Amino acid sequence: MLRTEHLTKRFGGVTALRDVSIDLRPGEIHALCGENGAGKSTLIKLLAGVHPHGSYAGRIEVDGREARFRSTRDSAAAGIAVIYQELDFVDPLTVADNLCLGAEPRRFGVFLDRAALRARAVAALERFGARIDPDAPMGSLGVGDRQLVEIAKALARDSRILILDEPTAALAGREVDVLLATLVELRARGLACVYISHRLEEVRRLADRVTVLRDGATVATLTRAEADERTLVRHMVGRELTDLYARAPAVPGPVRLAVEGLSVADASGAVRLADVSFELRAGEVLGIGGLMGAGRSELLMHLYGAFGRRRAGRVLLDGRPLPAGGPRAALAAGLALVTEDRRRYGLVLAESIGFNLSLSALAAVARAGFLQRAAEQARNRQWLESLRIKAAGLDAVVGGLSGGNQQKVVLGRALMTGPKVVMLDEPTRGIDVGAKLEVYALVQRLTDAGCAVLLVSSELPELVGLSDRILMLNAGRVGGSFARGAATPEALMRAALGAAA
Amino acid sequence: MRAPRGSDLWVLLAVWAGLVALFGAFGPGFLSAATFGSVANRIPALLLTATGMTLVMVTGGIDLSVGSVLGLCGAVVGVTMVDAGGGLAAALAASIAVGTALGAANGLVSVKLRLPSFIVTLGMLEIARGLAFLTTHSQTKYIGAAVEGLGTPLAGLVVSPAFLIALAGVAAGQGVLSLTVWGRHLVAVGANAEAAAIAGIDVDRPRIWAHALLGALTGVAAVCNCSRLGSADPNAGVGFELSVIAAVVVGGTSLAGGRGSVAKSFLGVLIVATLEAGLVQLGASEPVKRVVTGGVIVAAVLADTWRRRA
């Protein structure tokens with residue numbers, strides 16, 4: 001029904017997808033598995049027409065004929081519907097309005113035919129027995145129901161191929177059951193479905209076949225019988241650790257950061273971290289692993305005073321409670337953070353390298369509130385050189401730098417405050433190998449100097465190679481804690497998935 | 001790609017020089033000390049408020065209430081000097097106090113209650129105007145010589161003390177923006193508040209203080225305004241906010257925040273004022289003047305946007 005042959009997609013110098021061939025049969029649920037960054041999202045975007053024909057190598061076939069999607073519209077016309085994690089609805093409009101959005105039935109060519117619209121919506125919802133009020137405003141629906149509406153919308157447009165990107169990531173238990181039951185029923189009617197999920201248990205419950213992607217390539221396509229958890233994990237991880245990441249093991253010093261029984265809720269009151277405890281010593285790197293949504297970034301942001309409300313537990317820096325008062329207080333106490341989303345949280349993109357480097361440590365180069373320009377320049381130049389930032393000069397606009405150099409600017413800004421504990425959230429995401437190596441060298445330098453490092457990374461080899469100990473988070477809880485030697489990729493992955501060790 | 005620097009200043013200077021040369025070529029007598037003096041003595045209030053408005057707009061805010069606050073502060077000056085018999089110093093102090101209080105109110109309400117400053121200051125526009133009428137019982141207060149000295153050209157100079165005060169205000173404003181830690185924070189908060197917060201900057205206080213500072217400068221501007229007319233009119237400054245914002249925008253300050261310069265706002269004021277004076281010299285009627293000025297404002301912003309994109 002749907003087939004891809006030797007799909008290869010490059011972004012600049014990075015190969016996101018390499019020679020990927022999969023096929024999808026009518027009445028089949030075909031699961032896609034892989035680590036973060038394995039190429040799943042890229043594959044979906046090719047199928048959805050987000051990256052148009054001509055921007056990739058290889059073939060996409062629908063019903064045996066080559067499909068050349070120029071846009072998402074073409075892909076939809078071919079019967080493919082992609083249901084993303086983030087759903088776009090017009091919240092103030094009703095469910096029925098949203099179902100027919102862009103294809104409203106008309107009377108005399110101009111007037112909205114409300115009766116026909118509502119009838120069409122009811123039919124679409126009833127087709128798989130979804131119990132949703134068509135007259136309810138979209139904004140009043142929970143995530144699970146919104147997803148069902150999205151599926152109904154796809155069916156109303158005669159889509160025959162559903163692609164679901166981690167549909168259950170944000171769902172509660174009962175909603176998951178409703179969604180899975182819906183998919184099973186649709187399968188019985190001959191619909192084909194590509195199902196992406198990190199939750200191996202769902203994959204095993206649902207999928208007829210499983211394709212595992214790793215580093216942009218297909219590793220294996222397994223039948224349901226072959227796809228036991230152990231095999232899946234082995235395929236997902238299965239690569240050799242190289243010396244690339246090797247860091248000399250630390251001689252741990254005194255405890256710098258102690259987190260005890262930390263529980264944190266987000267703004268809506270949902271618990272995002274539950275009973276998290278760990279210690280971090282001077283000169284040590286503690287790796288924090290886990291899948292997307294496990295609470296890794298939330299943990300770092302909370303410690304930094306920029307996320308959530310603490311329900312329980314305490315945080316001690318050098319034996320003293322970390323003062324409340326947000327990032328400013330955290331920085332003053334010696335805790336620095338390099339965020340995952342550097343363009344949004346890390347940089348003032350329209351400003352110069354110098355402006356960004358200095359931003360957190362202006363007081364040290366100011367007298368009575370007035371900046372000492374010469375002192376600031378001299379300090380910036382030192383950091384520019386020691387971090388080996390490649391740019392025309394300190395006046396170069398940060399937004400025009402490569403990802404690696406932008407990341408070095410963010411690192412410089414954080415380190416200029418002279419922190420005792422540095423928290424790095426995906427410090428090598430989206431940067432080239434050369435810059436990665438420099439980041440690794442920087443981590444080594446920091447720990448040699450007695451800094452303690454809290455490292456979040458989705459790349460297991462990186463996590464294993466750099467960390468002295470690793471904490472795996474699973475749904476906001478500690479799924480497992482591993483010493484340097486015991487941290488095999490398989491064991492880590494199992495802890496991340498919440499499987500029994 | 002380099003960070004925007006002084007180069008923009010030269011572009012604006014060239015535009016201003018071009019205008020002066022153009023009107024000089026067409027209007028005999030335009031290039032005279034008298035013309036220069038009349039332009040310089042008309043703009044002190046505009047210069048002072050444009051300075052404050054630049055700081056507010058750099059943080060990503062806006063203040064629509066400046067005209068009304070100018071009217072209210074003027075009313076306070078009138079009441080202080082005419083009804084209470086106070087001197088110029090007392091009037092100035094009262095005017096600055098009232099301006100600062102209203103500016104701080106704008107800042108506190110918009111920042112702490114997370115409301116757009118556009119809406120909050122729109123409300124303040126009405127409130128301050130109403131207060132101005134209440135303060136003076138809807139009457140114009142004739143102050144006379146006690147305040148006029150400020151607006152009269154100094155002996156041997158063509159400019160008034162008010163213009164010199166305004167120049168000092170502009171210089172101080174530019175100094176604050178480009179030489180102090182606080183100025184750096186204003187830019188960071190306006191350009192990317194989320195990143196500024198993560199960088200450990202208090203993102204609320206700079207915005208509140210910028211509004212308060214604009215209020216204080218409006219208080220000074222009100223005294224300058226009274227000095228030019230010799231009276232305090234509760235109707236003073238109707239529509240003034242638009243002239244201020246226009247001058248700041250011509251100076252290249254972004255409405256979206258994160259980019260702006262007080263020195264360039266100064267040139268923006270100069271360009272708009274020179275344009276108006278030149279058109280008067282040419283005998284253009286009031287309506288024609290407005291049409292041309294409006295066109296020039298849009299053209300200036302358009303040119304700035306294109307240059308930036310290129």
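A residue counts as buried if 20 or more other C-beta atoms, placed from the backbone, lie within 10 Å of its own, as exposed if 12 or fewer do, and as partly exposed in between. Select chain B and colour by that rule: buried residues make up 55% of its 310 residues.

Before going on, note the ground rules. This is a predicted model, in which local features need pLDDT of at least 70, side-chain atom pairs count only at pLDDT 80 or more, and totals for chains, interfaces and linings use all residues. Residues are numbered from 1 along each chain as its sequence is written, while chains are lettered from A and ligands numbered from 1 in the order in which they are written.

**Stop 1: chain B as a whole**

Show the cartoon. Chain B has 14 helices and two strands (DSSP runs numbered from the N terminus: helices are H or I of at least four residues, strands E of at least two). Its C-alpha trace spans about 55 × 50 × 35 Å along the principal axes. The radius of gyration of chain B is 19 Å, which agrees with the value near 19 Å for a compact globule of 310 residues (taken over C-alpha atoms; the rule is 2.2 Å times the number of residues to the power 0.38).

**Stop 2**

Select the contacts between the chains (C-beta atoms, placed from the backbone, within 7 Å). Here 20 residues of chain B meet 27 residues of chain A. Helix 9 of chain B has the largest share, five residues. By class, this side of chain B holds eleven nonpolar, four polar and five charged residues (Ala, Val, Leu, Ile, Met, Phe, Trp, Tyr, Cys and Pro are nonpolar; Asp, Glu, Lys and Arg charged; the others, Gly among them, polar).

**Stop 3: a sheet in chain A**

Move to chain A. Six strands form an open, mixed sheet in the order 18-21-22-15-23-24 (strands pair if DSSP finds at least two bridges between them). Strand 18 (335–338) and strand 24 (477–483) of chain A are the edges, each pairing on one side only. Now select 285–289 and 452–456 of chain A: strands 15 and 22 run parallel over four bridges. Val285(A) has Val453(A) as its bridge partner in strand 22.

**Stop 4: Met423(A)**

Centre on Met423(A). Beyond its neighbours within four places in sequence, its contacts are Leu300(A), Leu303(A), Tyr304(A), Ala336(A), Leu337(A), Val338(A) and Leu454(A).

Conventions: Contact = placed C-beta atoms within 7 Å.
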